[in-house]
Each structure stands twice: as structure tokens, then as C-alpha cells.
Amino acid sequence: MVEKIIREGSWICPNCQTKNRGAKETCDACGAVRGNVQFLYEEDGQVVTDAAERAKATAGPDWICAFCGNSNAFDRPTCQSCSAARSEGTLRQVKEATVKGGEGLARRQVSPHATVAPDVRIEPVKVPLPLWFKAGCVIAVLGLLALVGLQSLSFEDTMTVVGKEWRRAIQVMQYQTCREGAWRGELPAGAREIRRQEKIRSYRDVLIGYQTVEETYTERQQVGTRKVKKGVRDLGNGRFEEIWDDEPIYRDVQKTRTVQKPQYRKEPVYDTWIEFDIDRWKDIEKAVAQGTTDEPRWPETGAAAHPRDIVGEKREGAREETYKVTFKSDKDGKTYVVDKLGHQPLSYEAFRRLQPGDHHKVIISGLGLVKDIPGLQPSSR
Ligand SMILES: [Zn+2]
Ligand SMILES: [Zn+2]
């Protein structure tokens, strides 16, 4: 059992604002009686060691005389100043306050009498970002903003159509016999087996025994305790009792132990691989037609009008078409190759309406991309 730590507090005279020692019952400066003041805890206040003083401190809170306001020790039956009875007076309260930082009281304190040195807490090191990196980020963001801003700007220009270019393509497919392979049980419908063989499909681990190995591990151990100040008790007589508590101190300890580590061997797992023939539609080529002055048309593919699933038969697959129109600015002679308006590909209908030699009002962005040709129908796209 550790002896209680009792410290003398202080109080501020309500009459002249002088700070007085806690045990003083009248003001050092003006002589006013202490009255019902608030006692202040002093972290570095005088520790009360004298046996008689300690007895006074722990006897009980003072009481305040109802008639003259004088402070009287707990065990006095009558007022020291005016002899009024204790029963008429007001007993001060014994109050507890926790020490948590903030509260006006001290921060948590660790006793110098800790049985083991307190743990050293290691804060992760923050590496500051280099200046060039920060500057680079700022420039990149500004650049992006500038691009977005330029693209959103619109300028109007009058331009002449000086060239046209179109391209149309059709994927051609043919029904063919294909040689393929699959694991047994996974063959597609219509497969005609050609040959089969046993092949390694995967490997599995087979336990062959155990090996004794030493391994290290970390264990948290309590290596001692330390005293931590949890709060203070206002004894109501100008003295404070500190409330201390034991807190465990832990440390990570490296230990070794012997473990049985399983040993495995890889063993192949065989399965049946089947080669088969199957008839499928396969992409064989892309038929392309393109031109500049002529009317756009789809290429010849030689596909059957009503293709059947017969080996050698051809059919048409996906189609794609692209249209480009070259404009020349009437103002500065700069040329613009347009294959989209805004984000939409240039349509066949727009391509047809744009005839060489025609003049059009064209909206271009700050980045020099054609955004719209308002004269084309439908006007907004
Ligand atoms: Zn005073
Ligand atoms: Zn009195």
C-alpha cells in the first residue's frame, strides 16, 4: 500500500484576487476571510508530509459559518470567529476530478517511481513529399483544367468542303470444319471424336511426411507496472489527495518453438484429352469498299442470300462504316478533317449533304475540334 500523496492547493481571494496557500483561512494581502471559495489544485504544490497536517487534511472538509462566513475545520463544534454553532453552517463538499488533459488540471502524469521505464512509443515517420512532386501535381491539374476550358470554348468559322472519303466493310464468315480439343465431358454438341489420349491436367499435393523446424514468434508479456495519476480529490479544506493507479506495462517478446511442418510432393493428375472435328461459322476475311468521289456502297462478299449450315457456305457478319469530310477555313486556309461532330461519328446522311465546294458555318472548340455544323439537318446533334 503506497502512502497517499496529499498536496496543498490554493485559492484566489474574491476581494483582492491574491493567490493564497490552500490551508490559509484569511487572505495574506487584505485579511478577508476565505469564505466559500473554489480550491485550485496545484500540480507542483507543497506535498503535505507533517503528521499533524496530514491528519487535518484527511479529517474532513471545512464548514462555513452561516453568520460570519468564516471557514472552520471539520471537527470544530463552534465558529472560531463568532462562536455560532456548526449545525447552522455549510459543510464543503469533497469532489473528485479525473486527470485527462484539457480539464484545467494537469495532463496524465507518470510517476517517477515506475517499476520499469515507461514504454517508448515510436510514431511512424512521415516522409514529406518533395517540392517538385507537389509542383508537378499542381501543373498537371492546371493543365487539365485548361484543356477542359479550351474544349468548352466555341468559335464560329465559315469553311468550304474540299474533300470527302468513305469506307465500308463487312465481316465475311464461312461454315468450316475445325479441328479442336477438349477434356472428356466438356465436348461441345456436334463434336466428332478423332482421337483421345491421357494427358496431365493438373497437379495435386501429396503429404509425404513432417519436418521438425524452429520458428520464432512474438508474444506480448506484462513486464511491470507503472503509477499513473488518474485524478485528484478536493478534500474541501485547501488540500488535495492525488488518485494514482497501477497500469500494466507490456512488451513484445521474441520466442522460439518447435513445430512439425508438413512436406508435400507434387503428383500429376491425368485426364482424357479428346481431339475432335466440329463444323462452325468462322471469320475468314473482311470485305472492304472505299472511295472519295463516288457514292458510298457496301462491298461484294460472295455470301449466299440465304446461308445454310453447309461446309463451304459463306455469310455476312458485322458491318462498319466511316465517313470523313475535309474542310478548309475561308478565313485562314487551315484544313480540318472531320469524322465526328462532338462525340458522334459523322453520319451517312451528313456526309451526303456535305458537297465539295459548299460553304458551311462551322463551330470549332478552343482545341480546334469541329463541334457542330449548324446548317446540317437535324440541326443539333
Ligand atoms: Zn485578499
Ligand atoms: Zn462565524
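How many helices and strands are there in the protein chain? Colour by secondary structure and you will find three helices and 16 strands, where helices (H or I, at least four residues) and strands (E, at least two) are DSSP runs, numbered from the N terminus.

Before you click on, some ground rules. This is a predicted model, in which local features need pLDDT of at least 70, side-chain atom pairs count only at pLDDT 80 or more, and totals for chains, interfaces and linings use all residues. Residues are numbered from 1 along each chain as its sequence is written, and chains are lettered from A and ligands numbered from 1 in the order in which they are written.

**Whole chain.** Zoom out: the C-alpha trace spans about 125 × 80 × 45 Å along its principal axes. The radius of gyration, taken over C-alpha atoms, is 48 Å, whereas a compact globule of 381 residues would be near 21 Å (the rule is 2.2 Å times the number of residues to the power 0.38). Buried residues make up 13% of the 381; a residue is buried if 20 or more other C-beta atoms, placed from the backbone, lie within 10 Å of its own, exposed if 12 or fewer, and partly exposed in between.

**Select 131–152.** This is helix H2, with 22 residues and a reach of 32 Å from its first C-alpha to its last. That is close to the expected 32 Å, which is 1.5 Å times one less than the number of residues. The count of buried residues in H2 is zero.

**Select the largest nonpolar core.** Its 12 residues include Met-159, Trp-166, Tyr-323, Phe-327 and Ile-364; such a core is a set of buried Ala, Val, Leu, Ile, Met, Phe, Trp, Tyr and Cys residues joined through C-beta atoms within 7 Å. Strands S8 (154–183), S11 (314–329) and S15 (359–365) each supply at least two residues of this core, and S11 gives the most, with three. Apart from it lies another core, of eight residues, among them Val-48, Ala-57, Val-232 and Phe-240.

**Select Trp-281.** You are now in strand S10 (residues 239–291). Why does Trp-281 count as partly exposed? Because it has 15 C-beta neighbours inside 10 Å. Leaving aside residues up to four places away in sequence, Trp-281 touches Met-173, Tyr-175 and Arg-315, a contact being two C-beta atoms within 7 Å.
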